[in-house]
Amino acid sequence: MTPAEFIDHHPTALVNQLRQLVQFSTVNPPGKNYHEITAWLTRELTKRGLATRRYQIPRGLLRRTLPPAQHDYPRYNVLGRYEVKGANRTLHFNAHYDVVPVSGKWRHENPFSGATEKGWVYGRGTADMKGSIASLLMALTAVRAAGLTPNMNLEVSFTADEETDSELGTGWLVQHARIRPDYAIVMEGGEGRAVCCGHNGTLWLEVEVHGRPAHGSLPHKGINALEKMAALVRSLDDYKRILATRTWKSPNGRCHRPTVNLGGVFHCGEGAKINTVPAHASFTIDRRVLPQEDHAAAEKELRTTLRAAARQIPQCRITINKISENFACFSAPSDPFFKAMAGCVSRVRRQRAQFDVSSGFNDMHFFSHYFKIPTLGYGPGGQDYHAVDERAEIKELLASAKIYAELMTTFAG
Ligand SMILES: [Zn+2]
């Protein structure tokens with residue numbers, strides 16, 4: 001029996017594993033049930049013949065990195081390794097196991113039940129990205145059941161905190177765990193016939209506007225920070241228009257443009273009362289940086305634009321703070337690794353694979369930048385990520401499992 005045949009014969013096993021994963025409600029923030037899910041994942045990898053280790057993030061580092069509200073939520077990363085005799089190259093599979101919080105009314109009441117209906121599994125994390133974990137576990141089982149050995153050493157990592165900033169997840173793993181991959185697959189970002197060969201970077205800034213308080217009945221005596229902020233926000237329309245003229249084509253011919261999203265969290269600070277002239281206001285900027293842009297230059301341009309805009313507004317004093325950033329990444333799809341993956345996708349799906357760049361980011365950049373290795377994104381994906389009724393399609397879970405198994409057993413590096 002080939003791995004693909006085995007997978008076709010065991011759809012229920014795959015769905016049951018996904019359901020178990022969904023039932024650990026690993027909501028982040030704050031980072032719930034990490035201990036439980038990583039213990040389970042460690043067992044599952046060990047059962048499949050991988051030498052597995054769970055790393056707990058040291059308490060001191062956790063306290064220095066996370067806000068106080070998260071200090072009682074330990075962080076873990078799981079690493080499994082499968083050595084193949086005679087192989088000198090290593091293929092790394094990665095997925096994050098945390099999920100975003102839930103809100104709204106769900107079709108199946110409990111978003112952590114993993115209910116199935118008409119070929120879909122519903123629940124928080126099914127699409128992002130516990131479905132990928134279930135597919136990979138199935139692929140490992142199927143390769144063993146078929147009596148095959150992977151062509152390369154395998155590393156499998158299940159990491160924390162991707163939904164916040166990955167600092168103690170994949171960011172920690174690449175620096176501190178003993179891994180030495182030659183190729184990496186982050187199991188999200190590409191789905192269907194599209195293989196992800198890179199993603200945008202992010203630059204997140206907060207702009208504070210400083211005014212002067214006064215009594216609400218004497219507004220002319222103050223400087224209204226909210227009104228200054230409104231003028232500043234309007235004046236950025238020109239900058240948005242400029243960004244919209246900068247285009248870049250990904251390998252599949254899709255056109256990408258850098259973007260800015262203004263908003264996020266607004267603050268008026270203390271003393272923001274109806275009868276007080278607001279002395280403080282702030283907003284956030286989410287600038288997406290294309291893979292071919294120079295990240296530092298993009299930041300400099302945005303800061304210069306903001307300062308110039310503020311100078312045009314009378315008495316508008318601002319400070320710009322960096323909240324966080326992630327660097328874009330891109331691997332040329334001409335690399336043999338990408339060719340092999342395209343072959344697997346095309347054979348399993350019977351449609352030609354194509355390469356695209358994701359506008360959102362994931363953990364690919366850690367592998368791509370830290371190890372400077374070809375890194376791709378591919379998984380079963382789904383619908384309504386981060387939203388109500390998030391779901392993964394069973395057909396796609398099976399297809400991804402077959403693709404992973406096919407890649408393990410055909411690509412030799
Ligand atoms: Zn994700």
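Mentor: Helices (H or I, at least four residues) and strands (E, at least two) are DSSP runs, numbered from the N terminus. The model here is predicted: local features need pLDDT of at least 70 and side-chain atom pairs count only at pLDDT 80 or more, while totals for chains, interfaces and linings use all residues. Residues are numbered from 1 along each chain as its sequence is written, and side-chain values use heavy atoms, with hydrogens and water left out.

Trainee: Where is Pro-29 placed?

Mentor: Pro-29 belongs to the loop between α2 (11–23) and α3, and Pro-30 is found in that loop as well, between α2 and α3.

Trainee: Is the peptide bond from Asn-28 to Pro-29 cis or trans, and is the bond from Pro-29 to Pro-30 cis or trans?

Mentor: From Asn-28 to Pro-29 the bond is cis, with omega near -5°. The bond from Pro-29 to Pro-30 is cis, with omega near 10°. The loop between α2 and α3 also holds Asn-33, which has a positive phi of about 60° although it is not a glycine.

Trainee: Is Asn-33 buried, exposed or partly exposed?

Mentor: Buried means under 20% relative accessible area, exposed over 50%, and partly exposed in between (1.4 Å probe, protein chains only). Asn-33, with a relative accessible area of 30%, is partly exposed.

Trainee: Which residues make the contact between α3 and α5?

Mentor: Contact means heavy atoms within 4.5 Å. On α3 the contributors include Ile-37, Trp-40 and Leu-41, and on α5 they include Lys-130, Ile-133 and Leu-137.

Trainee: Which residues coordinate the zinc ion?

Mentor: Donors are N, O and S atoms within 2.8 Å of the metal (3.2 Å for Na, K and Ca); water is not among the atoms, so sites may look incomplete. The zinc ion is coordinated by His-96 (NE2), Asp-128 (OD), Glu-188 (OE) and Glu-188 (OE), at 1.8 to 2.8 Å. Along the chain, the donors are spaced as H-x31-D-x59-E. Asp-128 lies in helix α5 (residues 126–145) and Glu-188 in the loop between β7 (183–186) and β8 (194–199), so the pair ties together parts that are 60 residues apart in sequence. Asp-128 is buried, at a relative accessible area of 6%, and Glu-188 counts as buried at 11%.

Trainee: Which residues does Ala-387 contact, leaving aside its neighbours within four places in sequence?

Mentor: With those neighbours left aside, Ala-387 is in contact with Trp-106 and Arg-124. Between Ala-387 and Arg-124 the C-alpha to C-alpha distance is 8.3 Å, although they are 263 residues apart in sequence. Ala-387 sits in the loop between β17 and β18 and counts as partly exposed at 27% relative accessibility. His-386 is found in the loop between β17 (375–377) and β18 (391–393); its phi is positive, near 60°.
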